[in-house]
Amino acid sequence: MKVNATEWIWLNEQGICSAQNLVEVSGLSNEELDDLIENGVIVPVDANAQPMSFPLRYIVVASMARKLRTDFELDRHGVTLAMTLMQRIEELEMELNAVRARLGHGMSNSR
């Protein structure tokens with residue numbers, strides 16, 4: 001597969017994209033994206049703004065959700081549950097690493 005330079009996207013906190021762009025790039029349906037937004041997995045820059053816009057980093061999240069759907073044949077509620085659980089695990093791992101750092105254990109002993 002050849003990738004053209006015009007297909008590159010720098011994923012950062014400053015860049016934003018539309019919900020439609022997330023759907024197109026990730027392969028999710030509008031309903032799947034809506035579920036992820038409603039459950040706080042994907043958070044708009046301003047929830048009151050219409051149309052909603054999202055930090056570019058959510059392209060990775062949306063793509064991961066689509067991959068989970070495809071690989072495990074999940075329905076949209078299953079995808080949302082899986083992504084919510086993965087997000088919570090990540091939060092808990094960050095908290096655990098912070099506690100270990102405060103106790104002087106460092107991150108090399110985290111697993």
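Residue numbers start at 1 in each chain and follow the sequence as written, and side-chain values rest on heavy atoms, with hydrogens and water left out. Since the model is predicted, local features need pLDDT of at least 70 and side-chain atom pairs count only at pLDDT 80 or more, while totals for chains, interfaces and linings use all residues.

The protein chain has four helices and two strands, taken as DSSP runs numbered from the N terminus (helices: H or I, at least four residues; strands: E, at least two). Along the sequence, the elements come in the pattern β-α-α-β-α-α. Of the 111 residues in the protein chain, 26% are buried; here buried means under 20% relative accessible area, exposed means over 50%, and partly exposed is in between, using a 1.4 Å probe and protein chains only. The protein chain exposes about 7,900 Å², with carbon and sulfur atoms supplying 56% of that area; the areas come from the Shrake-Rupley method with a 1.4 Å probe, and for residues only the protein chains shown count as cover. As for contacts (heavy atoms within 4.5 Å), 56% of those in the protein chain with a separation of 6 or more link residues 24 or more positions apart.

Next comes the core. In soluble globular proteins, nonpolar side chains tend to be buried together. The largest nonpolar core holds 20 residues, and L22, L36, I42 and M83 touch the most other members. A nonpolar core here is a set of buried Ala, Val, Leu, Ile, Met, Phe, Trp, Tyr and Cys residues joined through side-chain atoms within 4.5 Å. Each of α1 (19-26), α2 (30-38), α3 (58-72) and α4 (76-103) brings at least two residues to this core, and α3 has the largest share, with six residues. Setting aside residues up to four places away in sequence, L36 touches L28, V41, I42, A65, T80 and M83.

Helix α2 has E32, L33, D35, L36 and I37 as its buried residues, and these pack against α1, β2 (53-55), α3 and α4. D35, part of helix α2, counts as buried because its relative accessibility is 7%. The side chain of D35 makes a polar contact with the side chain of R76 at 2.6 Å. A polar contact is a pair of N or O atoms within 3.5 Å; within protein, one must be able to donate a hydrogen and the other to accept it, and residues adjacent in sequence count only if both atoms are side-chain atoms. Not counting residues up to four places away in sequence, D35 touches R76, H77 and T80. Just after α2, G40 takes a positive phi of about 80°.

Over in strand β2 is F54, which counts as buried at 0% relative accessibility. Leaving aside neighbours within four places in sequence, F54 is in contact with G15, I16, C17, S18, A19, L22, I37, I42, V43, P44 and V45. F54 and I42 are 12 residues apart along the chain, and their C-alpha atoms are separated by 7.9 Å.

At α1, S26 is in the helix and is buried, with a relative accessible area of 4%. The S26 side chain reaches the backbone oxygen of L22 at 2.6 Å. Beyond residues up to four places away in sequence, S26 touches A62, S63 and R66. G27 sits in the loop between α1 and α2 and is partly exposed, at 37% relative accessible area. With the four-place neighbours again not counted, G27 touches L22, R66 and R69.

In the loop between α2 and β2 lies P51, and the peptide bond from Q50 to P51 is cis, with omega near -5°. E73, in the loop between α3 and α4, has a positive phi of about 50° although it is not a glycine; E73 is exposed, with a relative accessible area of 74%. The charged end of R57 sits over the ring of Y58, 4.4 Å from the ring centre; this calls for NZ of Lys or CZ of Arg within 6 Å of the ring centre and within 35 degrees of the ring normal.
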